[in-house]
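I opened my notebook to look up how this chain is packed inside. Here are my entries.

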Amino acid sequence: MNTLEGHSDIANGILDIYARITWWSVILFILVQGLLIYVVMRYRVKGTEQGNPEQVHGNTRLEVAWTIVPVFILLHIAIPTVAFVFKSQAPAVEDAVIVQATGKQWWFHFEYPELGVVTANEMHVPLGQQVEVRLASDNVIHSLWAPQLFAKRDMIPGRINRITFRAEKLGMYLGQCAEYCGDSHALMKFRVFVDTPEDFLKWVDAQKSPAVTTAEDPGFVAFSQAGCVACHTVGGTPAAGTQGPDLTHVGSRTRIASGILDTNADNMHRWLVDPPAVKPGSKMPNLNLTAENAQTISNWLLTLK
Ligand code: CUA
């Protein structure tokens with residue numbers, strides 16, 4: 001989450017503006033404090049001096065100078081800032097990967113409409129290619145923020161915002177909802193994986209394929225009987241709910257419950273047994289699963305790679 005280390009055109013653009021503001025602040029601080037110290041030392045009462053020194057009023061040249069100089073400093077900061085705001089939300093100019101990101105309470109739905117991929121909480125993007133993220137919400141206001149890749153931008157009901165960026169370094173980047181959105185705002189995390197173009201295509205192929213399971217699998221039967229199908233989709237099975245995250249390839253994600261728990265058997269079990277205990281206010285209720293059912297469903301979900 002280090003904002004001082006950019007790995008995309010947008011993150012580096014922000015750093016550039018940040019550097020301008022910082023250096024002007026440093027220069028002005030030194031200048032003002034330096035002048036202050038100089039005046040205090042130079043005009044302090046010395047020896048036997050008494051009364052007020054000579055009083056001076058007005059100096060047109062000085063006043064014009066200290067009006068014009070700040071205007072130039074502010075323009076030097078404002079012009080790139082405004083240009084950058086427009087650039088970062090402009091539509092992609094070339095063949096871009098489009099991602100529709102929707103803020104939920106409390107997780108992120110990521111959809112790639114042109115690639116036929118639906119996933120949650122883990123976004124994959126190819127290195128060096130433009131990515132246009134369209135931000136939406138069907139509930140309260142959230143904000144998508146992955147500091148090393150792009151700035152905070154709000155996800156507002158009834159409006160599509162946009163972030164267009166180009167990742168410059170392979171790796172995994174942490175993200176977080178950046179607009180207070182309710183009980184589990186602080187637990188609304190996500191990850192962005194910057195892959196090589198080949199790895200990205202492999203990921204797309206894997207995500208597009210139906211789940212590696214069948215409706216007869218004992219895991220699916222338990223999942224179905226517990227009522228999970230009302231809210232979740234598992235591609236290739238009758239489960240087609242849309243309230244919760246798509247679980248078709250949940251086992252392939254590095255984390256569960258929107259980035260707060262590593263994907264493993266213990267955590268999956270813990271989550272299924274009592275979701276609101278893990279994530280306060282969770283829309284996923286405590287289904288009062290028996291330990292055995294929770295185990296069966298948990299093991300089965302982890303096989304959905
Ligand atoms: Cu979503 Cu804060």
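Which residues is Val 133 in contact with, leaving aside its neighbours within four places in sequence? I counted contact as heavy atoms within 4.5 Å. I found Val 99, Ala 101, Met 123, Leu 144, Asn 161, Arg 162, Ile 163 and Phe 165.

I noted the source. This is a predicted model: local features need pLDDT of at least 70, side-chain atom pairs count only at pLDDT 80 or more, and totals for chains, interfaces and linings use all residues. Residues are numbered from 1 along each chain as its sequence is written, and side-chain values use heavy atoms, without hydrogens and water.

Next I looked up the cores. A nonpolar core is a set of buried Ala, Val, Leu, Ile, Met, Phe, Trp, Tyr and Cys residues joined through side-chain atoms within 4.5 Å. Buried means under 20% relative accessible area, with a 1.4 Å probe and protein chains only. The largest nonpolar core has 34 residues. Val 133 is one of those that touch the most other members, and so are Met 123 and Phe 165. A second, separate core has 24 residues, including Phe 220 and Trp 271. In soluble globular proteins, nonpolar side chains tend to be buried together.

Then I checked the whole chain. Of its 305 residues, 41% count as buried. The C-alpha trace spans about 100 × 45 × 35 Å along its principal axes. Of the contacts with a separation of 6 or more, 63% are between residues 24 or more positions apart.

Terms used
Buried means under 20% relative accessible area, exposed over 50%, partly exposed in between (1.4 Å probe, protein chains only).
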